[in-house]
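Please look over the structure shown here.

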Amino acid sequence: MSLAFLSLPAQADTPWKLVKTYPHDPTAFTEGLFFRDGTLYESTGQPGKSDIRQVRMKDGKVLRRVALPPQYFGEGIVDWGDTIVSLTWRHRQGFVWKLDDFTRLSGFQYEGEGWGLTREPRWIIMSDGTYKLRFLNPETLEEVRRITVTWDGKPVPLLNELEWVKGEILANVWYDKRIARIDPGTGAVIDWIDLSPLVAKIKATDPDAVLNGIAYDADKDRLFVTGKYWPKLFEIKLER
C-alpha cells in the first residue's frame, strides 16, 4: 500500500484530494464496485472472463469469486440485504446471488442493456448506457420509474457505474474522465468531479482502460475509484 496525502489539482467545481493508493488487479475489466463490511465487491466484464469477486483492499487479493456463464458479459452489481444483484450487458439478464458464498439464487430480465447499479434506502438504481436512470423495486426488480440526467438542460448519455453517496448519485460516464454528481429527484447534474489527474497517473495505453468503478464506505466517509484494467484503486476525499 502506498500513502499520499497531497492534494492533486482537480479542474472541477467539486475539489478533491488523493488520500491513499491501493493495488488493483490490472486484468480486471471493472464494471461494478461496492464496499461492504471492510472489503470490496467487484464485477468484471468480457465474454468468458466475467466474474463477481470479493477483494481484500490492502493487497488486492481476491478472497472469493464466482464466474458468470461464459456467454454473458458481466456488468454492474449492488448489495441488497444479504444478496448481490448483478446485470449483464446485452442479454437482458440479471442475477441474484447470496452475499456470503456467491451461490446463485435466481434470475430476472429487463429491457435494453444493463450497465451500472447502486441503491438508495428504498430503491435499486440502474443505468443502461443512455441518459436515463431506472429505479427498481428491490423485492421484484421491476422498474418503477425513470429520471433523465441532464447538464445545463442537455441530456448526459453513456451513464455507467453508479454509487449512492450522501443523497446523491455519482455516475461514471463512459470514456469521460469525470464523475457526475446527480440529483436523484430531478436528474440534474449538480456538478462534476474531474479525475483526469488520476487517469494521467495510470498512463494507460489500452483505449478500453477507462475510468469506471466507484465505491463508498459510509461509516468512514471514504470514496474509492478505479478503472478498467487499472493497476491501482484510489481513495479520494471530496472537499465540499
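The sections below describe a predicted model.

## The cavity

A search of the whole structure turns up 1 cavity of 30 Å³ or more. The largest cavity holds about 90 Å³ of space. Its lining counts 14 residues, and Pro23, His24, Glu42, Val55 and Gly60 are the closest to its centre.

Three strands each give at least two residues to this lining: S2 (16–23), S4 (39–44) and S5 (51–55). By class, the lining of the largest cavity has 8 nonpolar, 2 polar and 4 charged residues.

The largest pocket has a volume of about 350 Å³. It is lined by 22 residues; Phe35, Arg119, Glu163, Tyr216 and Ala218 are the closest to its centre. Strands S3 (30–36), S7 (74–80), S11 (117–119), S17 (159–165) and S21 (211–217) each give two or more residues to the lining. The lining of the largest pocket divides into 12 nonpolar, 1 polar and 9 charged residues.

The second largest pocket contains about 220 Å³ of space. Of its 13 lining residues, Glu31, Phe73, Glu75, Trp89 and Trp174 lie nearest its centre. Its lining has 6 nonpolar, 1 polar and 6 charged residues.

## An open sheet of four strands

Strands S3, S4, S5 and S6 form an open sheet in that order, with antiparallel pairing. Which strands stand at the edges? They are S3 and S6 (62–67). Each has a single partner strand, so one side of each is left without a neighbour in the sheet. On average, neighbouring strands of this sheet are turned by 15° against each other, direction ignored.

S3 and S4 pair over 6 bridges in the antiparallel sense. Thr30 has Thr44 in S4 as its bridge partner. Ser43 also belongs to S4. Is Ser43 buried or exposed? Ser43 counts as buried, because its relative accessibility is 2% and the cut-off for buried is under 20%. Its side chain reaches the backbone oxygen of Glu75 at 2.5 Å. Glu75 is also one of the residues nearest the centre of the second largest pocket.

## A hairpin

Strands S13 (residues 132–136) and S14 (residues 143–148) run antiparallel and are joined by 5 bridges. Phe135 stands opposite Arg145 in S14. The hairpin of S13 and S14 has 6 residues between the strands. Leu141 takes a positive phi near 60° in this hairpin.

Most residues other than glycine have a negative phi. Where does Tyr175 lie? Tyr175 is in the loop between strand S18 (168–173) and strand S19 (178–182). Tyr175 is not a glycine, yet it has a positive phi of about 70°. Its relative accessible area is 44%, so Tyr175 is partly exposed.

Lys203 is another residue with a positive phi, at about 55°, although it is not a glycine. Lys203 sits in the loop between helix H1 (196–202) and S21. With a relative accessibility of 69%, Lys203 counts as exposed, because that class begins over 50%. S21 is also one of the strands that give two or more residues to the lining of the largest pocket.

How values were computed: Residues numbered from 1 in each chain as written. Predicted model: local features only at pLDDT ≥ 70, side-chain atom pairs only at ≥ 80, totals over all residues. Heavy atoms only, no water. 1 Å grid on protein atoms, 1.4 Å probe; cavity = no way out; pocket = protein on both sides within 12 Å on 5 of 7 lines; lining within 4 Å. Points joined across faces, edges and corners; volume = space filled by probe spheres on them. Nonpolar A, V, L, I, M, F, W, Y, C, P; charged D, E, K, R; others polar. Pairing = 2+ DSSP bridges. Axes fitted to C-alpha atoms, helices over the stretch in contact; angles between N-to-C directions. Buried < 20%, exposed > 50% of the residue type's maximum accessible area, 1.4 Å probe, protein only. Polar contact = N/O pair within 3.5 Å; in protein donor to acceptor, adjacent residues only side chain to side chain.
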